[in-house]
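I opened a notebook for this structure. Below is what I looked up, entry by entry.

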Amino acid sequence: MLQLLKIEIFKIFKKPRTYIAFAVIALIILLIQIALKFGGKEYVGLMMSGMGDSFEEIPTEIILNSYLVCFVILNLLLIHVPILVALVAGDAIAGEANMGTLRLIVSKPVSRIQLLLVKFIASVFYTMILLIWMAILALFLSILLFGVNWLGVPRELQFNVMESDDVLWRYALAFCFAAIGLICVAALAFMLSVFSDNSIGPIVITVCVIIVFTILTQMQIPFYDETIKPYLFTTHMLGWKGFFYVKAIDGVTEKGSIEDLSAILKSAVILIGYTIFFLGVATWYFKRKNILS
Amino acid sequence: MKKVITIIFSCFLFGQLLAQAPQELLNKIKAKLEKVNDYTAKGKLKTNVVFIKAPIASVKVYYKKPDKMKIVNENGISFIPKGSVNINLAKFLSASGNYEIVDAGKESATGLRILKLLPTDENSDIVLSTLYIDEQTELVKKAKNTTRDNGTYELELIYGKYTSYGLPDRVIFSFNTKEYKLPKGVTFDYDSGSKKTPGEDAKNKKGKVEITYSEYQINKGVDDSIFK
């Protein structure tokens, strides 16, 4: 099994397209960091414009630090990274079928379930490496470029501030949560990959699903808010932000607090549920699939 | 009957004699404050505004006679409300400019003397200042300023070690806040599913900022460049 996994990981990282995602992430992060380095004060000023009526001076130069930069990057990227994950996960089975090697693989003395699991774990491994790459650039490179200070998180109706020594653990948990969300997307692309003999189809369908679901998640229409939105996995993928929403007593942030941990856990359970469902469907179909290519 | 009227009249006159004249009382307070030419003070700033959740921040407060005042963020993120430069009483009084004093008697609950200051300058931003004074200690315990543009703000002053200078150990500054709202398309908020959002509490639009001073350095000189 481990040997199989090593082979699958080798196959993923042998393909040049695998590295496109790493290059794209590095490029976007660097572009955001450069933009914030030179025009960050204006950006923070815009973000804090709602407070200008009540307060004298907004400490933009303090608010603009590595922790905020990382938050901004994650805010922008975690909506689009699923598309990059789909590039690899959607190719896992359909790519083999497309190249005509799937029949050869399943003819080996390995069960189809084992083969499917190994391919999925390899996709998960790729997703994790991508996320770690993102963490290194978004958090640690930002620390080098912008320094550390308190983190201010802008929300629709409030502004949450936490002390600098109360932030890193939140990022650690946020990245873990983001991993759950991205694995869910990988499972969706993987499931679609099982149904197809061409990798373009699963990748495009996954991207379309993410785009449509994200639009529905962000739409402010009460009808969707109560009916569809709570069930979309894209709604729950934003759960990583919950680690940066704090509790307060008389306006003072409670150190180490999370505003609604149960909601985050619920979102995590829903995402894991979706992942199991997608994998279950993939396994059920793959076991019965008539492999001709 | 004549005796009763005489006694009542005498009591009233005696009471009036005991109560200090408003101008005299204000002059005594001002004289106390005049002893301070400048000061630097370290403080802890606590913000209590409905749309902000923030830890207690460290600030440094600078004052120089007659009306220079600055609050500088020392550590962390702090929000200084508009009008908060008037947390210094000397500046608060000078902000009113020239004024007419109206004696409004005493506050029934606390026994504090109430003086209302009406600025004579028609263009003054301050419409009315109300001072609540402890006559025995000659200290202003509470103050209210009604402004043209920034609503009403209140000061509550708690004294300790620096009473002789009329400087408080703790100041609570209450002010009106305006609504804070960012587009959801910008923030991409995580919706936890709970119906109640903090913004719904924004009906109570009174914010508070509390500064607890840890140490004052009085009349040691403060450079003008700090206030630029």
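I looked up A:Ile121 first. A:Ile121 counts as partly exposed because its relative accessibility is 37%. Buried means under 20% relative accessible area, exposed means over 50%, and partly exposed lies in between (1.4 Å probe, protein chains only). A:Ile121 sits in helix α8 of chain A, residues 112–146. Helices (H or I, at least four residues) and strands (E, at least two) are DSSP runs, numbered from the N terminus.

I then noted a nonpolar surface patch of about 330 Å², made by A:Met1, A:Ile113, A:Leu117 and A:Ile121. Patch residues have over 30% relative accessible area and no salt bridge; like charges are joined within 9 Å, and nonpolar side chains (Val, Leu, Ile, Met, Phe, Trp, Tyr) within 5 Å. Areas come from the Shrake-Rupley method with a 1.4 Å probe, and for residues only the protein chains shown count as cover.

**Ground rules**

This is a predicted model: local features need pLDDT of at least 70, side-chain atom pairs count only at pLDDT 80 or more, and totals for chains, interfaces and linings use all residues. Residues are numbered from 1 along each chain as its sequence is written, chains are lettered from A and ligands numbered from 1 in the order in which they are written, and side-chain values use heavy atoms, with hydrogens and water left out.

**Salt bridges**

I counted a salt bridge where a side-chain nitrogen of Lys or Arg is within 4 Å of a carboxyl oxygen of Asp or Glu.

Which residue forms a salt bridge with A:Glu259? I found B:Lys53, with the closest N and O atoms 2.7 Å apart. The pair joins two chains, because A:Glu259 lies in the loop between β4 (252–253) and α13 (261–288) of chain A and B:Lys53 in strand β2 (residues 52–53) of chain B. A:Glu259 is partly exposed, at 26% relative accessible area. B:Lys53 is buried, because its relative accessibility is 12%.

B:Glu107 is buried at 19%, and B:Lys142 is partly exposed at 26%.

B:Asp134 and B:Lys141 form another salt bridge, at 3.5 Å between the closest N and O atoms. B:Lys141 is partly exposed, at 29%.

I listed four helices and eleven strands in chain B. How many strands form the open sheet? Ten do, in the order β4-β3-β1-β11-β10-β9-β8-β7-β6-β5, with antiparallel pairing. The edge strands are β4 (68–75) and β5, each pairing on one side only. Two strands pair if DSSP finds at least two bridges between them.

Strands β9 (residues 152–159) and β10 (residues 168–176) of chain B run antiparallel and are joined by six bridges. I checked B:Glu156: its bridge partner in β10(B) is B:Ile172.

**Chain B as a whole**

Chain B has 228 residues, and 44% of them count as buried. Its accessible surface comes to about 11,900 Å², with 53% belonging to carbon and sulfur atoms.
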